[in-house]
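Welcome, and thank you for taking a look at this one with me. Below are some numbered notes to read alongside the structure.

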Amino acid sequence: MANNNPAKRIALYGSTGSIGRQALEVISRHADKFDVTVLTAQHNDELLVKQALQYKPDIVVIGDEKKYARVKEALSGEMIKVFAGESALEETAALDVYDMMLAAIVGFAGLKPTIRAIEMGKPIALANKETLVVAGDLVMSKAVANVAPIIPVDSEHSAIFQCLIGESRNKIDKVILTASGGPFLGKKPNFLVNVKRDHALQHPNWKMGAKISVDSATLMNKGLEMIEAKWLFNLRPEQVVITIHPQSIIHSIVQFEDGSMKAQMGLPDMKLPIQYALAFPKRLPNDYPRYNFKKPNTLTFEEPDLKTFRNLPLASEALFKGGNLPCILNAANEIAVYAFLHNRIGFLEMTDLIEKTIQRVHFIEKPTLDDYFESDAEARNFAASLIKL
Ligand code: NAD
Ligand code: MG
């Protein structure tokens, strides 16, 4: 039967990353439904070129300008426009060549192109949680003003989003974000003090990019996700709670006024929330492995260890205090994580660095977008100065 629905044009920002590559797998399985029109990457020109030759987008953007000539040369036989540099990410987002942006850049760098897409009224499949952590108030109000839906890709937020379908008139009591606990669940500071990069990158349930893997090991990922949840679902800080669920089968839970809870479950595989966000409101069939109820299984829940994983109380403070504090926390965390990944500071020192930075950078209660950029820069500079000492 002829398919009368035109393919949805996808701008895939951060196509060479963990989310980006899994999104292309999803898109390949549903080639009649999706058409990749924009691909972007920061450094990995080889993979970007390979992806471009396979998916034939209209535009590719390589962030690292030194790689421009190589990408241009490699794609010279194709009808593909090649751009380079940070501003090209934003400029491309302003072009009417896509129907949905998958925001899968890691970190603060994802903010500007995502805002530009929202200003264009484009639906966003949002993996880049830092966008909402840094400037959730402005991003969400722009999304409302421009009628640009934001569909979460983060598995917990996708779960909450799915649980809320059909519940728009019902009050939420709280949302319970599940956390795997990461590779160091149950460990104490005397163990963590000696942890190195490679150990921290071994996540028990998920295979992810380096930054979010470290964030999962320190539990900062869950802290960032609390802030992300507050903005996505318009919650008060005290409505967002965390439970450690090491099996990562229940992806999150919504509890309503009547005490009834809805949870979304599945095997831990990011292709599921990616596919859900890309195809929303439809569900598409696939042949990914399913959870096996015939095997003896136990699903467990426990309280996070806030004394050992001190990033979580710091993120909670930012969630409750608001203003530019989450932006400062995020910037300090990015500096800390990259310093840890380069073996410049230890695992526990990441938290010290974040704590000192949020104490130092001045607080703004109602920041403008420019204030956020200034706070980000100030926090990065201060955090970096602590490493040099
Ligand atoms: P990754 O490091 O694997 O990939 C990041 C992508 O962003 C790459 O394509 C890279 O080229 C690009 N990039 C990096 N720095 C950039 C910059 N300065 N400017 C422009 N592009 C840049 O990261 P990931 O694990 O795919 O995560 C992407 C985002 O999705 C993060 O915000 C993360 O928190 C979120 N997320 C990831 C997962 C996961 O399973 N990986 C799950 C939930 C949420
Ligand atoms: Mg998550």
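1. Helices (H or I, at least four residues) and strands (E, at least two) are DSSP runs, numbered from the N terminus.

2. A word on the ground rules. This is a predicted model, in which local features need pLDDT of at least 70 and side-chain atom pairs count only at pLDDT 80 or more, while totals for chains, interfaces and linings use all residues. Residues are numbered from 1 along each chain as its sequence is written, chains are lettered from A and ligands numbered from 1 in the order in which they are written, and side-chain values use heavy atoms, with hydrogens and water left out.

3. Let us begin with the ligand. Which residues are closest to ligand 1? They are Thr16, Ser18, Ile19, Gln42 and Glu130, out of 22 residues that surround ligand 1 (a residue is near a molecule if one of its heavy atoms lies within 4 Å of it). By class, this shell holds 11 nonpolar, eight polar and three charged residues. Here Ala, Val, Leu, Ile, Met, Phe, Trp, Tyr, Cys and Pro count as nonpolar, Asp, Glu, Lys and Arg as charged, and the others, Gly among them, as polar.

4. Now for the backbone atoms beside the ligand. A polar contact is a pair of N or O atoms within 3.5 Å; within protein, one must be able to donate a hydrogen and the other to accept it, and residues adjacent in sequence count only if both atoms are side-chain atoms. A backbone N or O atom of glutamine 42 lies 2.8 Å from an oxygen atom of ligand 1, and for glycine 17 the corresponding distance is 3.1 Å. Taken alone, ligand 1 exposes 830 Å², and the protein buries 86% of that (accessible areas come from the Shrake-Rupley method with a 1.4 Å probe; for residues, only the protein chains shown count as cover).

5. On to the strands, where two count as paired if DSSP finds at least two bridges between them. Strand S1 (residues 8-13) and S2 run parallel, joined by six bridges; isoleucine 10 has valine 36 in S2 as its bridge partner. Strand S2 (residues 34-41) is mostly covered, with seven of its eight residues buried. Buried means under 20% relative accessible area, exposed over 50%, and partly exposed in between (1.4 Å probe, protein chains only).

6. S10 is another strand to look at: seven of its seven residues are buried. Strand S8 (residues 172-179) pairs with S10 in the antiparallel sense over five bridges, and leucine 177 stands opposite serine 252 in S10. S10 and S11 are also antiparallel, over five bridges, with valine 254 opposite lysine 262 in S11. Together S10 and S11 form a hairpin with four residues between them, and glycine 259 in the turn has a positive phi of about 90 degrees. Serine 260, in the loop between S10 and strand S11 (261-265), is partly exposed at 37% relative accessible area.

7. Some backbone geometry deserves a second look. Most residues other than glycine have a negative phi, and most peptide bonds are trans. Valine 147 has a positive phi, near 50 degrees, and is exposed, with a relative accessible area of 66%. Serine 248 also has a positive phi, of about 50 degrees; this serine 248 sits in the loop between strand S9 (240-244) and strand S10 (250-256). Buried or exposed? Serine 248 counts as buried, at 6% relative accessibility. Phenylalanine 280 and proline 281 are joined by a cis peptide bond with omega about 5 degrees, and proline 281 belongs to the loop between helix H12 (271-279) and helix H13 (311-321).

8. Finally, please look at lysine 222 in helix H11 (residues 220-233). Lysine 222 is buried, with a relative accessible area of 6%. The side chain of lysine 222 reaches the backbone oxygen of threonine 178 at 2.9 Å and makes a polar contact with the side chain of glutamate 225 at 2.6 Å.
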